[in-house]
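Let's walk through this structure together, starting with a pocket and ending in the core.

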Amino acid sequence: MYAKSKDAVQQPKQSDITGNIIIYTLLGLCILLSLFIIIGFFVLAKPLEARLTSVAVTTLKYNDTASSSSPYFNATLAMEIRIENPNFGFFEFPTGTGDILYNGRVVGEMKINGQRVGSYSAVKTKARTQVSYREDQAPSVWFKNDVKRGLVILKVGAKLRGEVHLGVLNKRSVNLKCLMYLNLVDEVIQRLWCK
């Protein structure tokens, strides 16, 4: 029989090899998952946000139902729009338009100048528009009531299409959806709500 020497290399057991393979495989999967998360953070575009931050009534004319059979309102609005970009790359959009609606009818159109919004930042842009509505035929009951109480509810909507410039270009759009209450008596925007 041979005597075992102290310098002899001991072969690892099969269970040790299998355990090491499992550990290295799990470690490799964790590293791969981390890479995907990091790449996704920098490459995939997140949704952008737009909202009206302020609206001022610069001119206002209206005629209520008591003094006329043809009620109307006509106002000039100065608006400030905030566009937020939560992405690593900048967002660039060309000049676009938005609609202002009263009871589903377009009563004004606003022009939103194209801009570049830096990464992880926001910009404010100004828009000015004229809104007007008149019913020359027999005015509807809801319009008569709105003008009589001096409160007209306007809906603002715009969709700005552009690109988020990352490692690859991502076409994105940002939606502006707001509701504002135009107080005819006090000539102010009484309430402003954006989602």
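**Pocket, helix and core**

The residues lining the largest pocket divide into five nonpolar, one polar and four charged (Ala, Val, Leu, Ile, Met, Phe, Trp, Tyr, Cys and Pro count as nonpolar, Asp, Glu, Lys and Arg as charged, the others, Gly among them, as polar). This is a predicted model, where local features need pLDDT of at least 70 and side-chain atom pairs pLDDT 80 or more, while totals for chains, interfaces and linings use all residues. Residues are numbered from 1 along each chain, and side-chain values use heavy atoms, without hydrogens and water.

Among the lining residues are Asp99, Lys155, Lys177 and Trp193. Strands E4 (96-102), E8 (151-165) and E9 (169-183) each give two or more residues to this lining.

Now turn to helix H2 (residues 141-149), where Phe143, Asp146 and Val147 are buried, meaning under 20% relative accessible area, with exposed over 50% and partly exposed in between (1.4 Å probe, protein chains only). Seen down the helix axis, the buried residues of H2 fall within an arc of 90° (taken from the directions from the axis to the C-beta atoms), so they line one face. Val141, Lys148 and Arg149, on the other side of H2, are exposed. Just after H2 comes glycine 150, with a positive phi of about 80°.

Finally, look for the largest nonpolar core, which has 39 residues (buried Ala, Val, Leu, Ile, Met, Phe, Trp, Tyr and Cys joined through side-chain atoms within 4.5 Å). Phe73, Leu77, Leu154 and Leu182 have the most contacts inside this core. Leucine 77 touches (heavy atoms within 4.5 Å) residues including Val55, Val131, Leu154 and Ile189, not counting residues up to four places away in sequence.

Notes: On a 1 Å grid over the protein atoms alone, a cavity is a set of points where a 1.4 Å probe fits but cannot get out, and a pocket is an open set with protein on both sides within 12 Å along at least five of seven lines; lining residues have an atom within 4 Å of a point. Helices (H or I, at least four residues) and strands (E, at least two) are DSSP runs, numbered from the N terminus.
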